[in-house]
Amino acid sequence: MDKAMEKLEPVIQKVDNFIAQYPSVTQYEKFKDLEEKTGYPKALFFVGMCSLIMFMVIVTGGMKLLSNLIGFLYPAYMSFKALDGGKGVDGDATQWMMYWITFCSINLMDETFSFLSSTIPMYYFIKIGLVVWLYHPKTTGAQIIYSSGVRPYLMPMMEGSSVTTGTKKD
């Protein structure tokens, strides 16, 4: 048992450091109280709680809910930061607008062609990979998809439906 705990100690330390880095999100104080009361590392409680939450998400909504949560939670947080950040984050706000347009297009396709999830093997794992690629800062896949796939089809429709304001152009 002591050898197993020795091998787990670096992992437990990394999880402890992660929990301490984001105390309000990870409920650091509550896990610290549990550690003091039981004598077990707070990292074990944190991993157990995360596993329980993940299990409940998969049982209640399946992989579809999980893929939508992955596509929603982090981008929503970053969108809020971009909007709340003032004038210095215009590029971030544009990136997140492109992400949301692309993400909504993917979800619309997902709902319209629902048979895809049953015919394509590992469909939701592919969707999760695609969604992460869309919003990851190093890949900015949403910008690529938006500028090459979405914008060329939407702009002609928007230009054709623009309303004239009655002002004369020279």
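Reader: Which residues does the UniProt annotation "transmembrane region" cover?

Author: The unreviewed UniProt entry gives residues 43–63 and 115–135. The model shown here is predicted.

Reader: What is the helix content of residues 43–63 and how far apart are the end C-alpha atoms?

Author: Residues 43–63 are 100% helix and 0% strand, with 26 Å between the end C-alpha atoms. For residues 115–135 the figures are 81% helix and 0% strand, with the end C-alpha atoms 26 Å apart.

Reader: Where in the protein chain is confidence lowest and where highest among the helices?

Author: Where pLDDT is low, the predicted coordinates should not be read in detail. Helix α2 (residues 23–26) has the lowest confidence, at a mean of 79, and helix α7 (residues 123–135) the highest, at 93. The chain mean is 84, and 89% of residues reach 70 or more. Over residues 164–170 pLDDT stays under 50, and the model has 0 contacts there beyond four places in sequence.

Reader: How many salt bridges does the structure hold?

Author: A salt bridge here needs a Lys or Arg side-chain nitrogen within 4 Å of an Asp or Glu carboxyl oxygen. The structure holds 3. One of them joins Lys-127 and Asp-110, with the closest N and O atoms 2.9 Å apart. Lys-127 lies in helix α7 and Asp-110 in helix α5, so the pair ties together parts 17 residues apart in sequence.

Reader: Is Lys-127 buried or exposed?

Author: Buried means under 20% relative accessible area. Lys-127 is at 3%, so it counts as buried. Asp-110 is also buried, at 3%.

Reader: What does Lys-64 form with Glu-111?

Author: Lys-64 and Glu-111 form a salt bridge, their closest N and O atoms being 2.4 Å apart. Lys-64 lies in helix α4 (residues 42–84) and Glu-111 in helix α5 (residues 90–112), so this pair ties together parts 47 residues apart in sequence. Lys-64 is partly exposed, at 29%.

Terms used: Residues numbered from 1 in each chain as written. Predicted model: local features only at pLDDT ≥ 70, side-chain atom pairs only at ≥ 80, totals over all residues. Heavy atoms only, no water. UniProt positions renumbered as here; feature names shortened; annotations may be inferred. Helix = DSSP H or I, 4+ residues; strand = E, 2+ residues; numbered from the N terminus. pLDDT = per-residue confidence, 0-100. Contact = heavy atoms within 4.5 Å. Buried < 20%, exposed > 50% of the residue type's maximum accessible area, 1.4 Å probe, protein only.
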